[in-house]
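The sequence and the coordinates are shown first, and the description follows.

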Amino acid sequence: MNRLHQLRQTLPQNIKDNEGYDDLEFIVLNYNSHDDMEQWIKENMSEHILNGRLKYYKTTEPVSWSPSHAKNIAYKLATGEIICGKAADNFTGKNFAHYVNELFNKNTDIVLTPIDFHRSKPDYQPANDVLGEVCIKKHDFLKIEGFDERMDRYGFEDYDLINRLEMIDVKRLLIEDFTYLQYISHNNNERYALPTDDLRAIYINYHSPSTSEAIFLYKDSRFEKGVLVDNFTKDAANCVYAYTPRKYHFEYSLNEPGWQTGTWINENDHIKFSPDSSKKLIFIKQQKDGQTILIDTDNSSIFYSITDNKLIDTILTFKHFIYTRSIMEANLNGKNAVVNKGVFGKATVYKNFQPQPITV
Amino acid sequence: MIWLSVSLFSHKNQWNKLLSRAVVPFASKNAYLNGFTIEFNYLSGENIRLSLLTDEENAPELAKLADKYFNNYFLSAGLSEQELKLPVNGIFIPFPSNTIQFGLYPPKKITADKLDNYSLSLHFSQIMLYALKDDVIDDEIILTFAFYLRMGLIKMASPVYPQLVNDLKSRAIPLNAVSSKTAESKINTLKFEEVKETLIEITRDIFDVDRTPHLPVWFKQWMVICKENMNKYGDEVTASSIYIKMLSLIDTHLALSTKMDSMLTYFIDRILLYEEL
């Protein structure tokens, strides 16, 4: 969504870099972008549309960026046997299609990815910018019902897809040639927006060097509370870790049972929390050394108000990724290969500037 | 072989005691130890990273010994505690001072043929120990120590890398031009005026052959290491990359912050211009 500034660099280059491979189509999905993408395609890519190399689709329905939904639409529209997903900022590299074809001819039941989830190669570290790249058989994509559309924001939908493919015995094959993993570098603001507008305050209760409890107060009177864990420093007093690497997939995680949610209300000098699934909690609000703190009525815990913008961004970023990651982890632990309950990638689209709607 | 990952958390002003009264005795009487390195570090609190090299089969025993030894040391040494001021500038609180922690950086397995890759780091750690074990360590001491090391490196690099000093001097000119514009360069300029005379003295000690005998033993050892490494291949291109590698060695072991690094670079460039070296 709204990535024309990158697409105008990558798309012509990608088409050119693969012109020696005949049996190939480029699908571009305009996911309701508001950046003159349609006009640019019309003015600059018509030749490729006319010769059938490029198929341009547009949907006007989405109001926000949902990577799983967008990818599901595009993948369903693809007519080939093998689908290669590339983001607007990704370059294919020269003769990428030949490379993919060769690997799929040599290996049966594979998915190509730069995500080394099982850490099979310690020195393999592709940039985060390309982790969404994937080459998959359309048959396998449909079998697991595509990307999990509960993941309606940036992050982990591609990890999840590959994990679920492994559950149906599709083998993960790493894209080891970095020629095919080139990209345009850009900042995270283009990837996801942090919900700072909805936020009233963040409070932290420091438990230990590797665990802290956080409360997020939102302007609509909702709250979320959970214990954050730094897996990198966990149990550091145990001397076994002097010589045994820790086993964890991600540096940070959220302790079970996840986010506790409910409503909050400010009353005079205290805040009353009404969790959805447990009894009410009351915290006394105080000022200490110029800081706002919340003290549990039985004095067992103190929450400190977080005011540093950089730290707020760090916490919100963690929270953003925890959301999609939790879904991925639930799919992994529950061995849920198939998701979306039969409904995925649904949309009304328009092909090549034509007025007739197509229901996907 | 394996490098054990050990972190000793203690207030910086206690680091010299920790090095002289705990690290040195532990290392000197330990049969399992094939070598060790030390690095200053500030992640999750002020700490010294002590990497212990041992054979893989001895790793569990050495880790247990280190755990017991340093815990006992911290219990009996009477080192001052660092007061924790909440909220901290992070999601998690730092580790308590005067504690030993493990695995805060990855333990690393190596084969014997790769041991040579660590020889610089092993030697550098010994120099850190000798130079810093006697006095209370603070930012000023670290900065002065780093100044000695970098100037020594420049002296020993110059014969094989003649362009180096000119490159550094030419870098100093634009720095001087912006000195009144950014807050950082203003601080650097002010601080430089404050310490200029001392830095000139140190530089003359290093570069003047007649004064060299008065230099500390650890510094002479550093000069030998620099000379050996800089002369290893004899060509200027390789010498420039070795120079950068050794600069990075100093920065990594001393955990110089960006601010300190910028100040140090400014001092060195100015002194080279000033002394017309």
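Into which domains is chain A divided? Chain A consists of domain 1 (4–190 + 337–359) and domain 2 (199–307). The C-alpha centres of domain 1 of chain A and domain 2 of chain A are 38 Å apart.

The model is predicted, with an ipTM of 0.91 and a pTM of 0.82. For chain B, the mean pLDDT is 90, and 96% of its residues reach 70 or more.

**Contact between the chains**

Chain B contributes 25 residues to the contact, and chain A contributes 25 residues. On the side of chain B that touches chain A, β1 (2–9), α2 (59–77) and β4 (99–102) of chain B supply at least two residues each. The most comes from α2(B), which gives five residues. By class, this side of chain B comprises 17 nonpolar, six polar and two charged residues.

**Nonpolar cores**

The largest nonpolar core contains 69 residues, and L4(B), V6(B), L52(B), A63(B) and A157(B) have the most contacts inside it. Helix α4 (residues 139–157) of chain B provides the largest share of this core, nine residues. A second, separate core of 40 residues includes L77(A), F91(A), I136(A) and L165(A).

Leaving aside residues up to four places away in sequence, A157(B) touches L164(B), C226(B), M230(B), A239(B) and Y243(B).

**Packing of two helices in chain B**

Helix α7 (residues 217–230) of chain B and helix α8 (residues 236–254) of chain B have axes that come within 9 Å and cross at roughly 145 degrees. C226(B), N229(B) and M230(B) of α7(B) make this contact with A239(B), I242(B) and M246(B) of α8(B). The residues of the contact of α7(B) with α8(B) are five nonpolar, one polar and no charged.

**Backbone features**

| Residue or bond | Feature | Value |
|---|---|---|
| E256(A) to P257(A) | cis peptide bond | omega near 10 degrees |
| L86(B) to P87(B) | cis peptide bond | omega about 0 degrees |
| K335(A) | positive phi, not a glycine | phi near 50 degrees |

P257(A) is in the loop between β12 (252–254) and β13 (260–267) of chain A, and P87(B) is in the loop between α2 and β4 of chain B.

F156(A) is found in the loop between α5 (138–143) and α6 (157–167) of chain A. Is F156(A) buried or exposed? F156(A) has 25 other C-beta atoms within 10 Å, and is therefore buried. K335(A) lies in the loop between α7 (309–333) and β18 (348–351) of chain A. K335(A) is exposed, because 9 other C-beta atoms lie within 10 Å.

Terms used: Residues numbered from 1 in each chain as written. Chains lettered and ligands numbered in written order. Predicted model: local features only at pLDDT ≥ 70, side-chain atom pairs only at ≥ 80, totals over all residues. Contact = placed C-beta atoms within 7 Å. Helix = DSSP H or I, 4+ residues; strand = E, 2+ residues; numbered from the N terminus. Nonpolar A, V, L, I, M, F, W, Y, C, P; charged D, E, K, R; others polar. pLDDT = per-residue confidence, 0-100. Domains from an automatic or database assignment. Core = buried A, V, L, I, M, F, W, Y, C linked by C-beta atoms within 7 Å. Buried ≥ 20, exposed ≤ 12 C-beta atoms within 10 Å, placed from the backbone. Axes fitted to C-alpha atoms, helices over the stretch in contact; angles between N-to-C directions.
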